[in-house]
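Here's a quick tour of a protein model, written for someone just starting out. Have the sequence and the 3D view open, and follow along.

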Amino acid sequence: MAQSSTDDASAYDQLLAKYKRIANVENAGGILSWDQQVMMPDAGTPARSQQLSALSALSHELLTDDEFGELLDAAEADDPTDEQADVLRELRRDYERAVRVPNELVEQISAASSEAIPAWKQAKAEDDFETFAPHLEKHVELKRQYAEHIDPDRDPYEVLFEDYEPCLPLEQAEEILAEVREVLVEMIAEVRESDVELAVDAFEGEFPADEQEELVRDALSALGYPWDRGRLDTAPHPFSSGTQFDARVTTRYDESDPLGSLFSTIHEFGHALYTLGLADEHYGSPLGEDRNLSVHESQSRLWENHVGRSRAFWQHFLPTFTEHFPEVDASVEEAYEAANQVYEDNLIRVEADELTYHLHIVIRFELERALVSGDLAVEDVPEAWNDKYEEYLGIRPETDSEGCLQDIHWAYGNFGYFPTYSLGSIMSAQLFAAAEDDIENLDEKIADGEFADLRDWLRENVHQHGRRYETNELVRRATGADFTADDFLDYVQSKYTHLYDL
């Protein structure tokens with residue numbers, strides 16, 4: 001009897017075929033999750049919870065199957081090429097991590113997330129932490145179990161952090177964050193003591209949501225968002241999800257704050273552009289997937305801050321803004337100042353300025369570490385949250401909706417996620433500085449609305465590589481230097497010293 005084509009295929013090819021099936025299952029789950037947050041009727045939760053749980057369990061079963069492990073062993077022993085070795089490194093990490101976690105626990109975590117999301121939405125809308133508290137309690141317990149299965153001898157938070165940033169040691173991440181925190185605390189204090197008055201009222205007024213939507217659609221088009229591979233919708237907490245063939249963005253609208261929706265949309269554009277920049281031919285392979293959340297966040301923060309909040313961008317985009325809202329009578333400099341003011345009383349992370357933003361992250365980082373370790377009880381989260389805001393930012397939330405219920409991440413059980421936001425911001429400065437060195441007159445190009453060179457640079461140096469390189473190596477190849485906070489600190493010190501005459 002003749003051998004089948006499957007039998008003839010190398011162990012590596014068979015392994016990749018199996019992984020592609022896993023990727024397709026997970027991407028299908030991503031679409032269901034997107035629908036749950038954007039379009040699904042409120043009453044659809046019981047069925048959606050079961051659907052997502054089933055897909056999560058199936059993905060886990062496929063990854064931990066004995067044959068997957070056997071093919072992985074065989075492929076590693078079969079003299080792989082450099083590219084194959086990079087893929088096998090990633091698959092080995094995924095496999096070794098997943099095989100330690102019982103399938104039943106994976107299902108429980110997925111189901112808990114599906115049930116927690118609508119509970120969080122309700123709790124936030126009604127300012128009622130007690131509605132969400134049992135779901136948070138369940139997530140904390142499940143994630144402790146999850147970390148213990150993977151490695152019972154390590155700090156469980158360190159294990160959870162690796163779900164989102166598997167390549168940077170937590171110790172390196174903490175050192176970078178500590179350096180930034182030390183500088184920013186002093187800088188924020190100097191800003192608050194400054195006598196400089198920025199044009200903070202440049203965008204005051206009422207801005208209808210439907211016109212804001214038209215504005216942010218124009219922004220997406222100007223930046224180069226390919227509408228044939230994406231779409232724009234609204235969600236309680238803006239996010240982007242998808243693949244290189246379909247990367248969607250969401251935003252939200254506050255009729256008194258048009259910059260909020262604009263920067264949120266540009267932020268999610270950065271995420272989507274990264275996803276869309278992954279190589280089409282590697283779809284369903286680690287080479288066609290993003291490196292991790294730190295790198296992903298570097299892309300969103302690069303476009304939001306280094307482009308969207310730049311003077312050059314407002315030189316280009318202010319006429320479009322005033323076309324939609326002719327009542328706004330602001331100069332480019334006033335628009336730039338309004339887009340970069342440091343808030344003294346902002347409670348909301350996604351609306352925070354570049355400097356205080358990182359203290360928002362530090363608060364979440366410290367609280368979730370305490371939750372996971374057992375040093376903080378779920379019932380004490382609101383008070384602990386408010387105390388830290390008062391200590392670090394000098395403000396105290398009056399409601400839980402503005403406090404501990406503002407983020408959706410804990411509804412997913414995403415402990416270890418938040419540090420990647422600051423790490424990504426720090427990385428974005430290093431990447432943008434390298435792009436400025438390589439692209440002649442980049443600032444002038446942005447002012448002229450020419451973003452193609454920057455998009456191409458990011459695709460060549462970051463996007464197209466997928467998971468080929470680990471974080472430090474990716475940064476080193478793109479910038480010629482190790483990942484540090486140096487460029488970020490130079491950037492914020494130069495920018496805000498000029499703005500506030502520090």
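## Loops, strands, helices and holes

D127 counts as partly exposed, because its relative accessibility is 34% and that class sits between buried (under 20% relative accessible area) and exposed (over 50%), using a 1.4 Å probe and protein chains only. Keep in mind that this is a predicted model, where local features need pLDDT of at least 70, side-chain atom pairs count only at pLDDT 80 or more, and totals for chains, interfaces and linings use all residues. Residues are numbered from 1 along each chain as its sequence is written, and side-chain values use heavy atoms, with hydrogens and water left out.

**Two loop residues to look at**

- D127 sits in the loop between α6 (103-126) and α7; helices here are DSSP runs of H or I with at least four residues, strands are E runs of at least two, and both are numbered from the N terminus.
- D127 isn't a glycine, yet its phi is positive, at about 50°.
- D79 also has a positive phi of about 50° without being a glycine.
- You'll find D79 in the loop between α4 and α5.
- With a relative accessible area of 71%, D79 is exposed.

**Helix α5**

- Helix α5 covers residues 82-98, which makes 17 residues.
- The buried residues of α5 are D86, V87, L88, E90, L91, R92, Y95, R97 and A98.
- An α-helix has 3.6 residues a turn, so residues three or four places apart point the same way.
- What covers the buried residues of α5? The cover includes α2 (11-38), α3 (45-64), α4 (66-76), α7 (129-150) and α8 (156-161), where contact means heavy atoms within 4.5 Å.

**The strands**

- Strand β2 (residues 240-243) and strand β3 (residues 246-251) run antiparallel and are joined by 4 bridges; two strands pair if DSSP finds at least two bridges between them.
- β2 and β3 make a hairpin, with 2 residues between them.
- Across this pairing, T243 stands opposite D246 in β3.
- Strand β1 (residues 232-234) is joined to β3 too, this time in parallel, by 3 bridges.
- T234 has T251 in β3 as its bridge partner.
- β3 is mostly covered, with 5 of its 6 residues buried.

- E211 is part of helix α10 (residues 209-223).
- At 27% relative accessibility, E211 counts as partly exposed.
- Leaving out residues up to four places away in sequence, E211 touches H324 and F325.
- E211 and P258 are 47 residues apart in sequence, and their C-alpha atoms are 9.6 Å apart in space.

**Cavities**

- How many cavities of 30 Å³ or more does the structure hold? There are 3.
- A cavity is a set of points, on a 1 Å grid over the protein atoms alone, where a 1.4 Å probe fits but cannot get out; a pocket is an open set with protein on both sides within 12 Å along at least five of seven lines, and lining residues have an atom within 4 Å of a point.
- The largest cavity has a volume of about 70 Å³, a volume being the space filled by probe spheres set on the grid points, which are joined across faces, edges and corners.
- The largest cavity is lined by L177, V180, R181, H358, I361, V362, F365, P419 and S422.
- Two or more of those lining residues come from each of α9 (170-193), α15 (357-373) and α17.
- α15 gives the most to this lining, with 4 residues.

**The second largest pocket**

- The second largest pocket holds about 450 Å³ of space.
- It is lined by 20 residues, and the closest to its centre are Y336, F432, E436, Y491 and K495.
- α21 supplies the largest share of that lining, 6 residues.

Key:
Expected span 1.5 Å × (residues − 1).
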